Number of protein chains: 2
Amino acid sequence: METILPKFDSVFSIDCVIFGFQANELKILLIERNEEPFKGWRALPGYIVKKDESIDDAAERILYELTGLRDLHMEQFHTFGDVDRHPQGRVITIAYYALIRIDVQKELKPVTNIAKSAFWYPVNELGKLPFDHAKVFETGFQKLRRRLGYQPIAFELLPEKFTLTQLQTLYEAILNKKLDKRNFRKKMLSYGFLKELDEKQKGVSYRAAKLYRFDRRKYNKIFQNELSING
Amino acid sequence: METILPKFDSVFSIDCVIFGFQANELKILLIERNEEPFKGWRALPGYIVKKDESIDDAAERILYELTGLRDLHMEQFHTFGDVDRHPQGRVITIAYYALIRIDVQKELKPVTNIAKSAFWYPVNELGKLPFDHAKVFETGFQKLRRRLGYQPIAFELLPEKFTLTQLQTLYEAILNKKLDKRNFRKKMLSYGFLKELDEKQKGVSYRAAKLYRFDRRKYNKIFQNELSING
DNA sequence: AAGATAAGGTGTAATTTTTACACTAAGTAA
DNA sequence: TTACTTAGTGTAAAAATTACACCTTATCTT
């Protein structure tokens, strides 16, 4: 039983792959669609770009409208333009990604009724996604993995104060690979952009770990050098 | 004296940044525009995507029509979507890049009259370009530079048989940086994907250098490992 | 309060990779 | 034959990476 849908002209859309880290799991932000096609499905937050807004602005607006989240730094990572990727006509989508701290404060609540709800969902349990969203997600995940290797982006996913074990667990989740504890710590600390705090973890039923904070100033120094290649 | 131009609806376009290496200089492929706006200007080869073709197909077609070049592997690298980037209306452009051997055999000859001509132009002498083409080029160049660090793409720019000095000169042109001859050779040879030939350079008025060929099978092995990160 | 449990935290030696550095060899041209 | 130009080569020091295991500290249980 298929619904008959109107055809539309060429349009641009935005899809967002927003990463978060919660309960030692890597998650992305999904919505439940409230529109055909794929009404009721879990999908990446995405919608159509207006004629009078830049694609970067559109990405921000669409994410906000569909999830209630604002003011995060999104970055474009790929454009998907197969002819038949949308059943209703030609839709080229520009995919954006961002990393954010999952925070109980930040309520997820769509402000349009294009989405029924928005929620965090583990990347390992995505199941079937509509359109080419599986491919979009996979491309974004690869981008994240690669970028982790040359930019210390992990801190955007962690709470402001974190333990080295949390940091390591996050790296392991993104890279899908076990890392050596001593070497990991040695390396991370050697960069010099982690500030050790006079505080310890709370609420754990074992020896509490020291907390660290990310020092953006020192990070920037290292990031500047990042492009340099040996001569 | 401004020409009055028709406004058009939202459209997608493709722009191409095609790199080549000639006379020890890094060059890109430009066309002379034969259409308003910017008629007569040097510009990146670019045009509008048709409704019934994927963006990848469009990129190939457009490059062919504007320059006569075919069958090169292009890859998307960024999408430019500012509202006012095109004077006639909303045009979002998807930028592609490729590396090719500049070859006297391959004639540059537009097959439409959208372009008056096509030619190689040194990246260091680009001057003013129309639209946001300067930004498009710069982004593509950065992408090239970065990619050189993790994929042996230099061989796509060199003739099939090349000397180590040519290879080094190319690296230096892309990275804009002098490299140490002994260390460069040691490193390149250590990868094991360069095959030393029983041939020497010809036509030089000094000691001829050995020629090498790139061994794609071994390259693939190394490229497979490329994503691995220390554990 | 003693013991069990669970994660926190630490150092070293071997190996590999990177860096800095300068002269002789070979071919061509005058 | 000599001058010129680029080809081609090795080594030692420094830095980065890897592999690897045990004691410490806090909490919870009995």
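**Close-up 1. Cys16(B) is a buried residue, with a relative accessible area of 0%.** Buried here means under 20% relative accessible area, exposed over 50% and partly exposed in between (1.4 Å probe, protein chains only). Over in chain A, Cys16(A) also counts as buried, because its relative accessibility is 0%.

A quick word on the model: it's predicted, so local features need pLDDT of at least 70 and side-chain atom pairs count only at pLDDT 80 or more, while totals for chains, interfaces and linings use all residues; side-chain values use heavy atoms, without hydrogens and water. Residues are numbered from 1 along each chain as its sequence is written, with chains lettered from A and ligands numbered from 1 in the order in which they are written.

**Close-up 2. Asp56(A), Asp57(A), Glu60(A) and Asp71(A) make up a surface patch of negative charge.** Patch members have over 30% relative accessible area and no salt bridge, with like charges joined within 9 Å and nonpolar side chains (Val, Leu, Ile, Met, Phe, Trp, Tyr) within 5 Å. Asp57(A) sits in helix H1 (residues 55-67) of chain A, and its 44% relative accessibility makes it partly exposed.

**Close-up 3. Lys195(A), Arg217(A), Lys218(A) and Lys221(A) form a patch of positive charge on the surface.** Helix H5 (residues 216-225) of chain A is the top contributor, giving three residues. Helices are DSSP runs (H or I) of at least four residues, and strands (E) of at least two, numbered from the N terminus. Arg217(A) belongs to helix H5 of chain A and is exposed, at 72% relative accessible area.

Methods:
Accessible areas come from the Shrake-Rupley method with a 1.4 Å probe; for residues, only the protein chains shown count as cover. A salt bridge is a side-chain nitrogen of Lys or Arg within 4 Å of a carboxyl oxygen of Asp or Glu. Lys and Arg count as positive and Asp and Glu as negative; His and the chain ends are not counted. The place of a charge is taken as NZ of Lys, CZ of Arg, CG of Asp or CD of Glu.
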